[in-house]
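Good morning, and thank you for making time for this presentation. I would ask you to keep the sequence and the structure in view while I speak.

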Amino acid sequence: MAPPFGKGGGKGGKGGGKGGGRGPKVLGTDGSYSAGILLKVNLKLGGANGVSKAMNQSKSVVSAKPTMVVGLDVNHAGRGSTADSHPAICYSLDRLCSKWATEVTSQKAKEELVPAEWLKARMVHAAQEFQKRTGYTVRRLFFYRDGLAHNMFSAAVVQEVAAIKSAMEQLGICPELVYIVVQKRTRARFCMRTPDGRRYEKPPYGLVVDREVTDATHHTAAGDFYLSPHFALKGRTPRTPRPAHYHVIVDEANLTADQVHDFTFELCHVYQRATKVVSCPAPVYYAHLAAFQAQYNSTNWRDESAAWETGSAASGGSSGSSATVLLPMHKDHDGKLWQV
């Protein structure tokens with residue numbers, strides 16, 4: 001089920017479906033717009049737009065063992081709305097993290113932790129799909145969880161980590177689990193002093209900060225760290241990118257801090273909807289987009305305030321009732337990034 005039609009190719013009103021594009025831009029001389037559309041079309045059809053050379057090297061963590069990468073996010077309706085929240089999970093289908101699949105559901109409004117039964121069933125399906133596509137059993141599992149506050153870490157371990165382990169036990173496997181919480185809305189900014197000491201400039205891309213301003217009491221080797229994998233394209237000079245804050249909650253693989261940093265940085269290069277490095281790992285972005293789009297696939301969706309035109313992807317949403325039923329996914333969409 002595609003999202004509702006929209007103005008000029010968006011949602012709501014008249015026009016082409018999402019991803020359809022605007023005629024004048026497509027026919028114009030700027031090839032970047034058409035290229036962007038083709039990237040998304042190829043992605044929705046199950047293709048891959050590129051792979052990371054770093055992941056194909058022997059020092060990458062995906063080269064040591066068959067590794068599946070998972071991203072999870074939950075989208076909540078706007079303030080004051082009683083509409084259901086929508087969790088989305090995204091998982092890799094090949095060893096180089098170039099092909100992905102997403103699945104979504106609905107749950108009680110404003111609930112951040114996802115139902116253990118749903119997560120367990122999705123993880124079982126994800127591991128089976130990974131084995132079917134690659135021919136390898138999952139032996140290492142990276143799980144990037146977006147949107148958890150510090151006071152929810154313990155509850156996540158009790159509910160979500162337990163559900164992941166239960167899913168793997170059901171399949172008779174025991175992969176090394178690395179569970180990482182990603183906090184994108186941080187107030188931290190980092191910059192560098194110029195050699196003459198008279199002004200500041202933006203830091204180099206790939207900057208990692210894991211001392212001084214981080215928590216030294218973490219029980220894992222990687223602990224927590226800030227990562228700025230990209231250049232800031234907008235803002236006042238110096239343009240300082242917003243770093244994401246990562247917390248390694250579970251590390252059964254006993255990875256070094258550098259290994260976690262490097263792999264997270266590599267995942268920021270495999271986002272198939274763009275030709276540039278993005279600010280957080282690709283599965284986190286895909287899950288974020290799929291969770292937001294899920295509301296438009298509900299049977300009772302309606303747009304009362306055109307919030308999709310002005311609201312943010314993290315907080316915007318419909319104001320429908322809480323009895324949400326998502327339309328079933330077509331069989332041809334299985335194993336593809338059809339929501340993004």
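Which residues does glutamine 183 touch, not counting residues up to four places away in sequence? Please bear in mind, as we look, that this is a predicted model. The residues touched by glutamine 183 are Leu148, Ala149, His150, Phe153, Ala244, His245 and His247. Glutamine 183 itself belongs to strand β5, which covers residues 176-183. With a relative accessible area of 13%, glutamine 183 is buried, because the cut-off for that term is under 20%. Two of its interactions are polar. The side chain of glutamine 183 reaches the backbone oxygen of leucine 148 at 3.0 Å. That side chain also makes a polar contact, at 3.0 Å, with the side chain of histidine 247.

Let me now step back to the chain as a whole. It has eight helices and 10 strands. Of its 340 residues, 49% count as buried. The chain exposes about 16,700 Å², and carbon and sulfur atoms supply 52% of that area. If we take the contacts between residues at least 6 apart in sequence, 66% of them join residues at least 24 apart.

A word on confidence is in order. The average pLDDT of the chain is 83, and 80% of the residues score at least 70. Over residues 1-17, however, the pLDDT is below 50, although this stretch has 45 contacts in the model beyond near neighbours in sequence. Residues 308-322 also have a pLDDT below 50, and there the model shows 46 contacts beyond near neighbours in sequence. Where pLDDT is low, the predicted coordinates should not be read in detail.

The buried residues of α2 are Gly36, Ile37, Leu39 and Leu43. They cover an arc of only 155 degrees around the axis, and therefore lie on the same side of α2. After α2 comes glycine 46, with a positive phi near 95 degrees.

That brings me to backbone angles. Most residues other than glycine have a negative phi. Lysine 110 is not a glycine, yet its phi is positive, at about 70 degrees. Lysine 110 sits in the loop between β3 and α4, and its relative accessibility of 43% makes it partly exposed. Asparagine 254 likewise has a positive phi, near 55 degrees, in a residue other than glycine. Its loop is the one between β10 (244-251) and α6 (257-267). At 66% relative accessibility, asparagine 254 counts as exposed, because the cut-off for that term is over 50%.

Is alanine 156 buried or exposed? Alanine 156 has a relative accessible area of 0% and is therefore buried. This alanine lies in helix α5, residues 153-170. Not counting residues up to four places away in sequence, alanine 156 touches Leu113, Leu148, Val161 and Tyr179. Valine 114 is 42 residues from alanine 156 in sequence, while their C-alpha atoms are 9.1 Å apart in space. Glutamate 117, in helix α4, is exposed, with a relative accessible area of 61%. Its C-alpha atom lies 10.0 Å from that of isoleucine 164, a residue 47 places apart from glutamate 117 in sequence.

Leaving aside residues up to four places away in sequence, leucine 96 touches Val51, Met55 and Asn56. Between the C-alpha atoms of leucine 96 and methionine 68 the separation is 9.4 Å, and these two residues are 28 residues apart along the chain.

Thank you for your attention; I would be glad to take your questions.

Notes. Residues are numbered from 1 along each chain as its sequence is written. Side-chain values use heavy atoms; hydrogens and water are left out. Buried means under 20% relative accessible area, exposed over 50%, partly exposed in between (1.4 Å probe, protein chains only). Helices (H or I, at least four residues) and strands (E, at least two) are DSSP runs, numbered from the N terminus. The arc is that of the directions from the helix axis to the C-beta atoms. Contact means heavy atoms within 4.5 Å. Accessible areas come from the Shrake-Rupley method with a 1.4 Å probe; for residues, only the protein chains shown count as cover. pLDDT is the predictor's confidence in each residue, from 0 to 100. A polar contact is a pair of N or O atoms within 3.5 Å; within protein, one must be able to donate a hydrogen and the other to accept it, and residues adjacent in sequence count only if both atoms are side-chain atoms.
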